[in-house]
Amino acid sequence: MSKTIVVYGSTTGTCESIAQTIGDQLGAEVINVSDLTADQLAEADNIVLGTSTWGAGELQDDWYDGVNVVKSANLSGKRVALFGCGDSASYSDTFCGGMKELYDAAVAAGATVVGAVPTDGYTFDDSDAVVDGQFVGLALDDVNEDDKTSERISAWLPALGF
């Protein structure tokens with residue numbers, strides 16, 4: 001049986017709550033990135049990484065050390081999925097941009113990144129997290145579109161193949 005972990009960084013609690021929802025639905029351990037170790041990544045087959053986006057498309061503060069743990073890990077043979085929390089109205093030009101840093105770290109560590117999401121149905125101007133016309137992971141706006149969060153999570157999880 002494969003092991004799945006969900007790792008999140010959260011300042012206001014939104015990303016933590018979403019991580020817990022995803023973890024519950026996947027039957028996965030949920031880990032605050034502040035507590036993340038290289039051993040936890042090594043023991044997992046499937047890894048979900050989540051961050052909120054701050055400032056000009058930046059990672060949540062706790063991720064600055066955590067992203068180095070991810071980059072230095074050997075994630076070859078592991079599947080990594082990403083989710084991001086953002087505000088598409090107030091930060092329309094950097095919506096969920098923090099996911100891109102997690103994407104780059106996972107790719108650099110050799111992971112197979114899964115779970116890209118089409119931009120259809122989202123309202124935003126720009127995002128670093130859009131690669132080849134799709135978000136690199138699940139983009140969520142629990143500020144302005146909280147009525148779509150559960151539906152988006154439910155549609156995304158089966159596509160991960162975890």
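Colleague: Is Tyr 122 buried or exposed?

Modeller: This is a predicted model, where local features need pLDDT of at least 70, side-chain atom pairs count only at pLDDT 80 or more, and totals for chains, interfaces and linings use all residues. Residues are numbered from 1 along each chain as its sequence is written, and side-chain values use heavy atoms, with hydrogens and water left out. Buried means under 20% relative accessible area, exposed over 50%, partly exposed in between (1.4 Å probe, protein chains only). Tyr 122 has a relative accessible area of 11%, so Tyr 122 is buried.

Colleague: How many aromatic pairs are there?

Modeller: Rings of Phe, Tyr and Trp (its six-membered ring) pair if their centres lie within 6.5 Å. Planes under 30 degrees apart count as stacked, over 60 as edge-to-face and the rest as tilted. By this rule the count is 5.

Colleague: What is the angle between the planes of Phe 95 and Tyr 122?

Modeller: The two rings form a tilted pair, 6.2 Å centre to centre. The angle between their planes is 50°.

Colleague: Why does that pair tie together separate parts of the chain, and how many residues apart are they?

Modeller: Helices (H or I, at least four residues) and strands (E, at least two) are DSSP runs, numbered from the N terminus. Phe 95 sits in the loop between strand E5 (79–85) and helix H4 (98–108). Tyr 122 sits in the loop between strand E7 (117–118) and strand E8 (130–131), so the parts tied together are apart in sequence by 27 residues.

Colleague: Which residue lies over the face of Tyr 122?

Modeller: A charge sits over a ring if NZ of Lys or CZ of Arg is within 6 Å of the ring centre and within 35 degrees of the ring normal. Here the distance from the ring centre is 3.9 Å, and the residue is Arg 152.

Colleague: Which residue in E9 stands opposite Val 131?

Modeller: E8 and strand E9 (residues 134–135) pair in the antiparallel sense over 2 bridges. Opposite Val 131 stands Gln 134.

Key:
Pairing = 2+ DSSP bridges.
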